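Please view the sequence and the structure together while reading.

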Amino acid sequence: SVFQIAGNGALALQPTMTLEVPDGSSPGQIVSSNDGQFLWGLVPLYPTNNPPGDIPPAAIFPEGQSRMLSFSVDQDDGALNNAGAEVFLPPTNPLFTVGGVFKGAFMLGMRVHPTQPILYVNSLLASVLTVWNWNPNGSGELSFVTAVDPGAVGRGGAPCWTAVDPLGRYAYTASVVTDGVSAFSLTNPMAPVALQNLVLGGPKGPLPAGTPEPYQSTTAPFNLQVDPTGTYVYVSNHATCVANSIDSVNCPIGNAIHILKINADGTLTEQPYSPFIYPPEVEPTNARPKGLIVL
């Protein structure tokens, strides 16, 4: 949906500009190009009757695959044009096949390069960072460039969200399975290079075998952001326990923010005072925070 922003910050829905997606879809994210000309919407679960390969990661998910929808933005009224320009991960790249099964159909975590016409998106089940670009003089349609393996430790981590530092030097992804963050060099922004897989610190414990969650430990990172100076990465981390009885020591700890210092080479170091654990009266331990903005 499109909203007009008033002078006082209030939002006014523009009802004639709402764009519908098929019933059963799960719209998850929108991002704008760095020049404001284009906008892309990510639908992590987009129903289809003929998915290419073994798509559903679990029985609770519908049979479908992710779609990125491309639009150009009308500079006069904010209307979105080129509705229906869809792209999805091609199954030809070998990095999307794990154990002989195509795993490239589930995407999360779009992030635009601050100065180049490049979009980074995680292929969650294949555990790779994908790179896309667009023609600034075109209509905003995306073209697949490459996929990048984060390395042995990070592979299989199910990266969900992506952050890029304001100068476009490094990219970071948060992986819910490994409870960690992967760092990539963007010296060549079209061909990121894996630098590090950092396991986050703080109080936690392993979830018992058979737990119906995609996590390995009692905490998992979701959204992450780089501060405007490019000095720190902040990671929103939440407790994954569904009941305190699973782990009486770590489950009641609650939700947290991790503070990671960006080193000169782009790698990360968790600070001694990290993580900051929300007091339960501020953020209940059974909450699942996912959004994060750094001003």
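The points below treat a pocket, a residue in its lining, and the cavities. The model is predicted.

**The second largest pocket**
- The second largest pocket has a volume of about 530 Å³.
- A total of 25 residues line this pocket, and those closest to its centre are Ser1, Leu19, Ile30, Phe71 and Leu80.
- At least two lining residues come from each of strand S3 (29–32), strand S4 (38–47), S5 and strand S6 (80–87).
- Strand S4 contributes the most to the lining of the second largest pocket, namely five residues.
- By class, 16 residues of this lining are nonpolar, seven are polar and two are charged.

- Phe71 belongs to strand S5, which spans residues 64–73.
- The relative accessible area of Phe71 is 7%, and because buried means under 20%, Phe71 counts as buried.
- Phe71 and Asn82 lie eleven residues apart along the chain, and 5.2 Å separates their C-alpha atoms.

**The cavities**
- Three cavities of 30 Å³ or more are present in the structure.
- The largest cavity holds about 80 Å³ of space.
- Its lining consists of 14 residues, of which Pro203, Thr219, Gly254, Ala256 and His258 are the closest to its centre.
- Strand S18 (232–239) and strand S19 (256–262) each provide at least two residues of the lining of the largest cavity.
- Strand S18 gives the most to that lining, with three residues.
- The lining of the largest cavity comprises six nonpolar and eight polar residues, and no charged residues.

Technical notes: Residues numbered from 1 in each chain as written. Predicted model: local features only at pLDDT ≥ 70, side-chain atom pairs only at ≥ 80, totals over all residues. Heavy atoms only, no water. Helix = DSSP H or I, 4+ residues; strand = E, 2+ residues; numbered from the N terminus. Buried < 20%, exposed > 50% of the residue type's maximum accessible area, 1.4 Å probe, protein only. 1 Å grid on protein atoms, 1.4 Å probe; cavity = no way out; pocket = protein on both sides within 12 Å on 5 of 7 lines; lining within 4 Å. Points joined across faces, edges and corners; volume = space filled by probe spheres on them. Nonpolar A, V, L, I, M, F, W, Y, C, P; charged D, E, K, R; others polar.
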